[in-house]
Amino acid sequence: MAIFVNEKTKVLVQGLTGGQGRFHGLRNRDYGTQVVAGVTPGKAGQDVEGIKIYDTVESAVAATGATASFIAVPPKAAPEAILEAARAGIGFVVCITEGVPAQDEARVFATLQRDFPKTRLLGPNCPGIISPGKCNIGITAGEIAALPTAKGPNVGIVSRSGTLTYQALYELKQRNIGVSTCVGIGGDPVPGTSFVDCLAEFQSDPETHAIIMIGEIGGAAEEEAAEFIMTHVTKPMSAYIAGVTAPAGKKMGHAGAIVSGGKGTAQGKMDALNSAGVKVGLNPTEACELMAQIIASM
Amino acid sequence: MDLFEYQGKQYFARYDIAVSAGGVALTVDEAVAQAELAKYPVVIKAQVQVGGRGKAGGIKLANNADEVRLHAKNILGMNIKNHIVKRVWVEHASDIAEEYYASFTLDRSAKRHLLMLSAQGGVEIEHVAVVDPTAIVKLHVNPVEGLTLDAAKRAVVDARISEKAQDGVAAMLVKLYECFTKGDCDLAEINPLILKPNGEVHALDAKVTLDDNAAFRHPEWDEYRATEELDERESLAREKNLQYIGLDGSVGIIANGAGLAMSTLDVVNQVGGKAANFLDIGGGANAELMTAALEVINSDAKVKSIFINIFGGITRGDEVAKGIVEVIKRVKLRAPIVIRLDGTNATEGRAIIAAAGIAESQLISRSTMLEAARSAVEIAGKK
């Protein structure tokens with residue numbers, strides 16, 4: 001099973017001829033992902049190590065039946081690339097681009113919501129998604145992810161941070177705990193996919209038995225997740241929130257990670273998750289240890 | 001990037017939002033010259049990015065050149081909550097009939113733009129929100145549809161803005177929304193938005209935060225960059241394109257990824273230490289970036305130990321290790337490094353560090369984040 005992507009997912013890469021797109025697109029293919037096409041306007045007919053390039057997403061979809069898109073283009077081009085994928089009927093769009101203006105993100109999200117409700121956007125500014133052994137879209141190093149086992153228990157991971165996602169994957173692998181899907185939703189102010197979206201999917205995925213959530217300071221996404229967990233999630237969870245010591249008013253690298261007006265503090269988020277029955281660790285290792293205890297008791 | 005009031009007003013003026021005639025001054029003589037241009041009476045306002053200027057004596061009325069001299073002399077150089085006043089804004093004093101509040105931000109939960117409007121202006125809006133929450137009208141605006149004049153008029157009526165000011169305020173809201181969206185602001189706030197006795201509506205203050213990600217389409221922002229108040233370490237980091245924030249502890253931090261860097265700060269704190277900075281060197285973590293990062297950390301006299309926390313995903317541990325060994329040979333560091341290397345090829349990386357034969361007084365390798373934090377804090381001393 002897994003969520004959002006699996007062995008049947010056919011991926012096209014918007015920007016496959018660029019540095020990032022080529023590097024990660026080919027790595028994703030090497031992992032076993034079905035990378036069926038690349039899209040770069042004006043370069044139709046070329047290929048990148050055997051992957052055919054098309055001028056438009058529409059023509060690539062028509063020729064290959066691609067169902068997902070991996071966008072690795074500069075910030076100026078990302079909003080239009082997302083909308084082009086949506087217009088071509090792509091159901092799942094992963095945008096790793098860092099540095100997209102917040103006004104563009106808000107406009108793109110509202111446009112998808114109004115005109116293309118069947119398209120799910122992951123990102124921008126996210127590491128991507130991996131369903132170990134099945135499909136890897138984005139920049140995650142596939143080899144650090146443990147394969148899920150047939151009878152479980154397997155863990156689903158959802159995270160706002162890239163490197164902390166890898167940290168979690170790695171620690172679970174060292175403890176021989178399988179992963180169903182690991183989703184990096186990204187650290188920007190208007191992520192296309194939220195914690196709540198992922199939690200809902202994990203809750204109904206038979207291959208996922210427990211969930212790790214990694215949040216950070218800023219916004220109210222973790223508090224909203226806590227509210228959702230209380231009413232909708234029955235699977236056991238552990239969590240970690242980065243930024244306990246972050247000073248107010250300073251953006252900590254991610255555009256969304258800022259404590260302002262006393263809102264969005266790590267402590268507030270930890271308290272909310274605790275009240276929802278989530279076991280909260282004080283560092284990423286502790287969150288994974290707590291998950292190991294949960295798994296051991298299953 | 002946060003703008004000073006005078007820059008915010010200049011930015012507003014680009015979008016046809018009415019502001020008072022005035023100018024910025026760095027010296028007492030310049031303040032007098034600006035006052036003559038603006039016509040007396042004038043208000044002299046300290047330009048600092050912190051609230052409570054008025055209470056601190058940073059805003060004064062002057063009726064003639066002598067008064068301007070007196071006040072400008074007092075205000076320039078004044079310390080307001082650890083912000084030193086380097087500039088004053090001198091503008092023609094406005095007659096005020098009524099004061100309102102208006103702002104646009106992005107509501108991240110709703111994924112919509114948010115207008116906040118109140119007939120109670122000139123006071124802290126957070127205070128109004130606590131004592132009289134119904135006095136603030138909140139209106140979500142769909143970013144695709146934008147703010148229509150009709151919607152603005154309804155918000156103005158809902159906020160119980162005086163009838164004589166309603167048309168003016170509604171028109172002002174549409175312009176402010178334009179500034180917020182086309183101008184790529186994270187925040188565009190007017191407090192107070194005033195009604196003059198002659199019926200004109202006018203922005204008496206300006207608080208603007210710009211979205212750094214949109215700088216590529218705003219060449220006009222370059223002049224704001226020049227006045228941005230960064231400490232020495234932050235300026236150096238910006239030159240090197242590193243994500244750096246200066247803090248006041250003694251453990252220098254370098255990590256790859258914003259989340260991991262934040263987490264590193266947390267772990268250092270957890271074991272009783274205090275970080276000197278936040279520094280995210282991003283995904284690459286090659287020798288060049290590592291050198292630049294170490295140079296920035298090295299410029300901070302408070303640093304007593306340097307904690308390098310790298311998790312190898314696509315970044316390979318052996319490459320990171322090679323880079324660090326190279327840097328240690330090239331740069332003379334003020335403090336020992338504690339490195340935690342984990343993830344892809346971490347074992348090979350640790351072997352490279354061990355084989356380099358660097359003294360423990362210069363480089364210590366630890367295999368987990370927590371152990372590394374303990375070592376770094378032990379060297380730097382507890383907070």
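**Entry 1: terms and ground rules**

Helices (H or I, at least four residues) and strands (E, at least two) are DSSP runs, and they are numbered from the N terminus. I keep in mind that this is a predicted model, in which local features need pLDDT of at least 70 and side-chain atom pairs count only at pLDDT 80 or more, while totals for chains, interfaces and linings use all residues. Residues are numbered from 1 along each chain as its sequence is written, and chains are lettered from A and ligands numbered from 1 in the order in which they are written.

**Entry 2: the sheet of chain A**

I looked up the strand order and found seven strands of chain A in an open sheet, 9-8-11-10-12-13-14, with mixed pairing. Strand 9 (135-138) and strand 14 of chain A are at the edges with a single partner strand each, so one side of each has no neighbour in the sheet. From one strand to the next the twist averages 15 degrees. For pairing I used the rule that DSSP must find at least two bridges between two strands, and I reminded myself that strands of a sheet pair through backbone hydrogen bonds, either parallel or antiparallel.

Is strand 13 of chain A covered on both faces or uncovered? I first noted the cut-offs: a residue is buried if 20 or more other C-beta atoms lie within 10 Å of its own, exposed if 12 or fewer, and partly exposed in between, with C-beta atoms placed from the backbone. By that count six of the six residues of strand 13 (residues 237-242) of chain A are buried. Both faces are covered, with A:Met237, A:Ala239 and A:Ile241 buried on one side and A:Ser238, A:Tyr240 and A:Ala242 buried on the other.

I then followed the pairing of strand 13 of chain A to strand 12 (residues 210-216) of chain A, which is parallel over six bridges, and in which A:Ile211 has A:Met237 as its bridge partner. Between these two strands the chain passes through helix 7 (residues 221-232) of chain A, and this β-α-β crossover is right-handed, a term that applies if, with the strands pointing away from the viewer, the path from the first strand over the helix to the second runs clockwise.

Strand 13 of chain A also pairs in the parallel sense with strand 14 (residues 279-281) of chain A, over three bridges, and here A:Ala239 is opposite A:Val280. Strand 12 of chain A, in turn, runs parallel to strand 10 (residues 154-159) of chain A and is joined to it by five bridges, with A:Gly156 opposite A:Ile211.

**Entry 3: two helices of chain A**

I looked up how helix 5 (residues 162-174) and helix 9 (residues 284-296) of chain A pack, and found an angle of about 40 degrees with the axes 10 Å apart. That makes helix 5 of chain A oblique to helix 9 of chain A.

**Entry 4: chain B**

Which residues of helix 1 of chain B are buried? I found B:Glu5, B:Tyr6, B:Gln7, B:Gly8, B:Lys9, B:Tyr11 and B:Phe12; seven of the ten residues of helix 1 (residues 5-14) of chain B are thus buried, so this helix is largely enclosed by the rest of the structure. Just after helix 1 of chain B, B:Asp16 has a positive phi of about 65 degrees.

Strand 12 (residues 207-210) of chain B has B:Val208 and B:Leu210 on a covered face, whereas B:Lys207 and B:Thr209 are on an uncovered one. This strand of chain B runs antiparallel to strand 10 (residues 185-195) of chain B, with four bridges joining the two, and B:Leu187 is opposite B:Thr209.

**Entry 5: backbone exceptions**

Most residues other than glycine have a negative phi, and most peptide bonds are trans.

- A:Asn176, which is not a glycine, has a positive phi of about 55 degrees; it is in the loop between helix 5 and strand 11 (178-184) of chain A, and it counts as exposed, with 10 C-beta neighbours inside 10 Å.
- B:Asp184 also has a positive phi, near 50 degrees; B:Asp184 is in the loop between helix 6 (163-182) and strand 10 of chain B, and it counts as buried, with 21 C-beta neighbours inside 10 Å.
- A:Gly123 and A:Pro124 are joined by a cis peptide bond with omega about 5 degrees, and A:Pro124 is in the loop between strand 7 (120-122) and strand 8 (128-131) of chain A.
- B:Tyr40 and B:Pro41 are joined by a cis peptide bond with omega about -5 degrees, and B:Pro41 is in the loop between helix 2 (28-38) and strand 2 (42-46) of chain B.

**Entry 6: a note on angles**

For the angles in my entries, axes are lines fitted to C-alpha atoms, for helices over the stretch in contact, and angles run from 0 to 180 degrees between N-to-C directions. Angles under 35 degrees count as roughly parallel, over 145 as roughly antiparallel, 65 to 115 as roughly perpendicular and the rest as oblique.
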